[in-house]
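Let's take a friendly walk through this model, one kind of interaction at a time. Keep the structure open beside you and look up the residues as they come.

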Amino acid sequence: PGGGAGSGRGSRTGGLSRDVEDPEWVAVRDAATVMLVRDGSAGLEVFMLRRNLNSDFVGGAYVFPGGGVDVADADERLEAICDGRTDADASALLGVERGGLAFWVAAVRESFEEAGLLLATDHAEVPLRFDDPDVDARFLVHRQAVDSGRRSLREVCEDEGLRLSVGRIQYFSRWITPLGAPRRYDTRFFVAHPPEGQVPLHDDREVVANLWIRPQDALDRHRAGEFELIFPTVRSLEALTRFAAADQVVEHAAAIARVEPVLPTMEEGRHGLRIVLPGDERYDAVTSRRVDD
């Protein structure tokens, strides 16, 4: 769900289908995605990964690091090693009673698993760096262990004396997969500066390439048919084009008082299924017709 919470015309369908036996009963899974932004030589850049072409979910599409929120992400012991945000703070931002911190933890974990980037500080409150080859090699082993499920991120942090820098990650947007998809996600999008002294990578398993790219360049390549994207990723990239620098994006997200969820709906048209968004002229008509049906 690294941008894979929905889809629409002009982009990858992301598995939307009318063939779902009972779309009302497709479980909606919580997910977290993080847009890592930096200032490049030509302007704002965002980090993206390309999913394996053989993946059964948005194969070949370029996405942001992210995935489902796991049970281990909600481990209450994690709050003690999280800096800059409590569970109460996180839950209030998300509008949930409790457990909100798990989304931030998932964003950190997925960045580590999928891109080798770990937003954390050491026992001296110094941001974690992988400049030292021995440290880099050690955390490569940690990453593989967390990715495979042999170890939890909490265990790695406790062994290494690390604290997760969740306060550096800001809540940006929320997308919910429309009815009709065989997989549905309630995805919280976050934004953060990448950790310094760490070089991103990919695992050549779930993801087969990574790059830093200007949001407008990604959109232009997508429209030219060279860069596959799904709809929430397109909209997120469009939002990023409004900013000239990474600091502006992070500061904007930090100032958002309330994030409204975006729940698209589907409509059958002459050219097949299309996505209708809240605010579109057709949205109320389509949703009311579904209720009547």
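The sections below go from the whole chain to particular side chains.

## About the model

This is a predicted model, in which local features need pLDDT of at least 70 and side-chain atom pairs count only at pLDDT 80 or more, while totals for chains, interfaces and linings use all residues. Residues are numbered from 1 along each chain as its sequence is written, and side-chain values use heavy atoms, with hydrogens and water left out.

## The chain as a whole

The chain holds eight helices and 12 strands. Helices (H or I, at least four residues) and strands (E, at least two) are DSSP runs, numbered from the N terminus.

Of the 293 residues, 52% count as buried. Buried means under 20% relative accessible area, exposed means over 50%, and partly exposed is in between, using a 1.4 Å probe and protein chains only. Among contacts (heavy atoms within 4.5 Å) with a separation of 6 or more, 69% are between residues 24 or more positions apart.

## Aromatic rings

A pair of aromatic rings is described by the distance of the centres and the angle of the planes. Rings of Phe, Tyr and Trp (its six-membered ring) pair here if their centres lie within 6.5 Å; planes under 30 degrees apart count as stacked, over 60 as edge-to-face and the rest as tilted. By this rule the model has seven aromatic pairs. One of them joins W104 and Y171, edge-to-face because the planes stand at 65 degrees, with the ring centres 6.4 Å apart. This pair links distant parts of the chain, with W104 in helix α2 (residues 101–115) and Y171 in strand β7 (residues 170–176), 67 residues apart.

Both W104 and Y171 are buried. Ring pairs also bring in F190, giving a cluster of W104, Y171 and F190. Elsewhere, the charged end of R188 sits over the ring of F103, 5.3 Å from the ring centre. For this, NZ of Lys or CZ of Arg must be within 6 Å of the ring centre and within 35 degrees of the ring normal.

## Salt bridges

Side chains of opposite charge can pair when their charged atoms come close. A salt bridge is counted when a side-chain nitrogen of Lys or Arg is within 4 Å of a carboxyl oxygen of Asp or Glu, and the structure holds 19 of them. One joins R163 and D83, at 2.6 Å from N to O. These partners are 80 residues apart, R163 in strand β6 (residues 163–164) and D83 in the loop between β4 (66–68) and α1 (87–94). R163 is partly exposed at 28% relative accessibility, and D83 is partly exposed at 26%.

R38 and E45 form another salt bridge, with the closest N and O atoms 2.7 Å apart. Here R38 is partly exposed at 33%, whereas E45 is buried at 13%. In helix α2, R109 and E113 lie four residues apart, about one turn of the helix, and their salt bridge has its closest N and O atoms 3.1 Å apart. R109 is buried at 5%, and E113 is buried at 9%. Both belong to a salt-bridge network that links R29, D70, D73, R109, E110 and E113.

## Two cysteines without a bond

A disulfide is a covalent bond between the sulfur atoms of two cysteines. With the cut-off for a pair of cysteine sulfur atoms set at within 2.5 Å, the count is zero disulfides. C82 is buried, with a relative accessible area of 6%, and C157 is buried at 1%.

H142 is found in helix α3 (residues 133–148) and is buried, with a relative accessible area of 10%. Which residues does H142 contact, leaving aside its neighbours within four places in sequence? They are F112, R151, V156 and E160. The C-alpha atoms of H142 and F112 are 9.5 Å apart, and the two residues are separated by 30 positions along the chain.

R184 lies in strand β8 (residues 184–192) and is buried, with a relative accessible area of 10%. The side chain of R184 reaches the backbone oxygen of P178 at 3.3 Å.

Note on methods. Polar contact = N/O pair within 3.5 Å; in protein donor to acceptor, adjacent residues only side chain to side chain.
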